[in-house]
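This report covers side-chain contacts between aromatic rings and between charged groups. The structure is shown first.

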Amino acid sequence: MSKKRKIGIHALYAQDPIEADRQLWGRESDPQSRRGFLKQAGLAAMGMAVGGPIVFAKHMPAGLIPAVLADPAATPFALEGKHPDLVVLNDQPWNVETPAHLLDDDLTPADKFFVRNNGLVPPEFNVDQWTLTIDGEAVPEPISFTLNELKERFSEHTYALTLECGGNGRAEFNPPAKGNQWTTGAVGCAEWTGVRLRDVLEAAGVTSAAVYVGYYGKDLHLTKNPDKVVISRGIPIAKAMEDETLIAWKMNGEDIPVLNGYPLRLVVGGWPASVSGKWLTRLSVRDRVHDGPKMEAPSYRVPNHPVEPGTEVKPEDMKIIESMPVKSLITYPKTGAMIPQGKRLNLRGHAWAGDRSVQRMEVSIDFGATWQTAQLSDAPNRLAWQRWTAEVGFPEPGYYEVWARATDDAGVAQPMVVPGWNPKGYLNNATHRIAVKVTE
Ligand SMILES: Nc1nc2c(c(=O)[nH]1)N[C@H]1C(S)=C(S)[C@@H](COP(=O)(O)O)O[C@H]1N2
Ligand SMILES: [Mo]
């Protein structure tokens, strides 16, 4: 399905069926024949692209573009348990983003929460036997807790916490960065329930040698090699010890969805969500910066100094991303809204700022020439996004764009254009904009 955008053909048949066959199916078709005869390899590749084997492939006319690829707006095969209008960027592994208007809820419901998997969801397991082991140089000896022991032994805490993928907004960088082409939807804010990571580290006897806490999860590497670790990132000990850093088993009061880390995950608000390890089985309390897969450059790192777009940056010139930058979304109305002349429009959205809070929210209907202050609510707790609302009027019928800009408590505002290019396309916090048409 990741091929969809590249093909981008809306017609039922390609203009040039022979060329289309070559591109789509990897075969040469017979111009005299109404059918194309697929090579095995082409068939397998097409099966991957459409999400399953094409049962009646032998009847498929030459040059036919499968409907699933022909309509770039459609997300045909919804991910089980997720809202059908989430956008599938990749299904091996699953990477699925949420359109802005579906992020309108105060707390993102489980079925609308984005999915970013680096590997495959863990194969079947017995949740009663799930254990979490704490080990590493900065604990006296490894210690394990079953899920039930965690629940019984430590006090439970609930926080609303915003998770945003470090690569959210990547699609806008130029030259493009490889990786999932997230637009605006790799973000969500849910209420998470669990125990404090700090309480568990203290029970494990964390020593003053602790520098970093790295996680390990039960997901399966894409190669299906059980010995290969998919991803093992971590956070500095100070972030690990914050009140809001949770080892969670509930999202919005229910079991966490399997795709989002059931039965146990780390939730570290305000930092790239890649540090919020899913399917959590082990925490390693390190006496150095953790060195698991995807800690090394260029993963989740940006250049130390601004670079010209397209520059190759040496690993030693990159730093690990910590707090995410200030950002906001317009979640109502959906882009493309039409409103009658004379009617005022109520806008809504969320704003967040990593470890900081958002201090000011503004909207513009004239491409940023003038700005109007929006109402901004306090967050329910630290590291949760904040609701904003605004009411705007339009002078005359026509096309408008609504732009929204947040400023954090250190006075840093979102840029109106895509900020600092970096090799992996992280940290795009440019202002969100929507199209509005005012009709006569
Ligand atoms: N075990 C494990 N944890 C993981 C990942 C993963 O692939 N495996 N992906 C990380 C990344 S890059 C992100 S952005 C978040 C996404 O969390 P979500 O799928 O619940 O939205 O999980 C993080 N935790
Ligand atoms: Mo991510």
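## Aromatic pairs

Phe394 is buried, because its relative accessibility of 9% is under the 20% cut-off. The model is a predicted one. The ring of Phe394 pairs with that of Tyr400, with the centres 4.7 Å apart. The planes of these two rings meet at 55°, so the pair counts as tilted. Tyr400 is buried as well, with a relative accessible area of 10%.

Over the whole structure, a search returns 10 aromatic pairs. In one of them, Phe125 and Trp130 have ring centres separated by 4.9 Å. Their planes stand at 65°, so this pair is edge-to-face. Trp130 is buried at a relative accessible area of 3%, whereas Phe125 is partly exposed at 25%. Ring pairs also join Phe113, Phe114, Trp182 and Trp192 into a cluster.

## Charges over rings

Two arginines are placed over aromatic rings. The charged end of Arg282 sits over the ring of Tyr216, at 4.1 Å from the ring centre. Arg405 lies over the face of Trp371, with a distance of 4.1 Å to the ring centre.

## Salt bridges at Arg382

A search of the whole structure gives 20 salt bridges. Arg382 forms one with Glu242, where the closest N and O atoms are 3.2 Å apart. This pair connects distant parts of the chain, 140 residues apart. Arg382 is in the loop between strand 21 (375–376) and strand 22 (386–392), while Glu242 is in the loop between helix 7 (237–240) and strand 10 (246–251).

Arg382 also forms a salt bridge with Glu244, with the closest N and O atoms 2.9 Å apart. Here too the pair links distant parts of the chain, 138 residues apart. Glu244 is in the loop between helix 7 and strand 10. Glu244 is buried at 9% relative accessibility, whereas Arg382 is partly exposed, with a relative accessible area of 37%.

## The network around Arg286

Salt bridges link Glu137, Arg286, Asp287, Arg288 and Asp291 in a network. Within this group, the side chains of Asp291 and Arg286 meet in a salt bridge with an N to O distance of 2.8 Å.

Which of these two partners is buried and which is exposed? Arg286 is buried, because its relative accessible area of 8% is under 20%. Asp291 is exposed, because its value of 51% is over 50%.

Methods: Residues are numbered from 1 along each chain as its sequence is written. Chains are lettered from A and ligands numbered from 1 in the order in which they are written. This is a predicted model: local features need pLDDT of at least 70, side-chain atom pairs count only at pLDDT 80 or more; totals for chains, interfaces and linings use all residues. Side-chain values use heavy atoms; hydrogens and water are left out. A salt bridge is a side-chain nitrogen of Lys or Arg within 4 Å of a carboxyl oxygen of Asp or Glu. Helices (H or I, at least four residues) and strands (E, at least two) are DSSP runs, numbered from the N terminus. Buried means under 20% relative accessible area, exposed over 50%, partly exposed in between (1.4 Å probe, protein chains only). Rings of Phe, Tyr and Trp (its six-membered ring) pair if their centres lie within 6.5 Å; planes under 30 degrees apart count as stacked, over 60 as edge-to-face and the rest as tilted. A charge sits over a ring if NZ of Lys or CZ of Arg is within 6 Å of the ring centre and within 35 degrees of the ring normal.
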